[in-house]
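Please consult the sequence and the model while reading.

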Amino acid sequence: MSSVPDGKKLVRSPSGLRMVPENGAFNSPFSLDEPQWVPDKECPRCMQCDTKFDFIRRKHHCRRCGRCFCDKCCSKKVALPRMCFVDPVRQCAECSLVSQKEMEFYDKQLRVLLGGGTFVVTLGTSEKSETMTCRLSNNHRYLFLDGESHFEVELSRISSMQILTDGTSPGGGTSRASGMLLHYKPMGSQDAQQLRMEAADDKKVASLWLVAMHKAAKLLYEARDQ
């Protein structure tokens, strides 16, 4: 175990090298814990094709689900940023497909969220609104809203999120994301607060940000249910 800049450390686990926060309290809300491996003595056969293991057919553990497979059923090495692995790791066919789909979020949507979008923000039942830039913090733990004022929403304290749409897009087709309604508990409070965000001038950028936030919410809820 060795320390590196920015409050992270390099950890060697049975599954591979991981770059994790020095303080576990600062884990990304999208992150997943490493699974417990199925003990070798409990898996004499591949859990996919039922091939019996021997000196030639060795067993391998999927780094995402922890189950035991033969080399044929667990041959792919795929990036797994949700578990903070430095390099691609061995995964079964089912898990590798899930991880590959998630990589689109890390390669594309996450950049959109970090870049931010401009919205008209209304807090609670107030009749006053303020134009603010909303972006995801670099550690993925907060939404930063900046305008004449500034406040933050911790993702782990969001209880519900609804994407608002503006009907059909020009030329027909699916509706376009135009806003977001979320409920969260401010720090130090157990009472839910409502936050309404509606796209400001650059509606295209705002819409892309909202779509990315919708995908982020799916990962967020999945991590909570782990």
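## Strand E14 and its partners

His-183 has Gln-194 in E14 as its bridge partner. The model is predicted, so local features need pLDDT of at least 70 and side-chain atom pairs count only at pLDDT 80 or more, whereas totals for chains, interfaces and linings use all residues. Residues are numbered from 1 along each chain as its sequence is written, and side-chain values use heavy atoms, with hydrogens and water left out.

Strand E13 (residues 175–184) runs antiparallel to E14, and six bridges join the two. Strands are DSSP runs of E with at least two residues, numbered from the N terminus, and two strands pair if DSSP finds at least two bridges between them. E14 (residues 193–199) is also joined by five bridges to strand E8 (residues 117–123), again in an antiparallel arrangement. Val-121 is found opposite Met-197 of E14. In a regular strand, side chains alternate between the two faces of the sheet.

His-150 belongs to strand E11 (residues 150–154). With a relative accessible area of 42%, His-150 is partly exposed, a class that lies between buried (under 20%) and exposed (over 50%), using a 1.4 Å probe and protein chains only. Between the C-alpha atoms of His-150 and Ser-175 the distance is 31 Å, and these residues are 25 apart in sequence.

Beyond its neighbours within four places in sequence, His-150 is in contact (heavy atoms within 4.5 Å) with Phe-144 and Leu-145. A polar atom of the His-150 side chain lies 3.4 Å from the backbone oxygen of Leu-145. The side chains of His-150 and Asp-146 make a polar contact at 2.4 Å. A polar contact is a pair of N or O atoms within 3.5 Å; within protein, one must be able to donate a hydrogen and the other to accept it, and residues adjacent in sequence count only if both atoms are side-chain atoms.

Technical notes:
Helix = DSSP H or I, 4+ residues; strand = E, 2+ residues; numbered from the N terminus.
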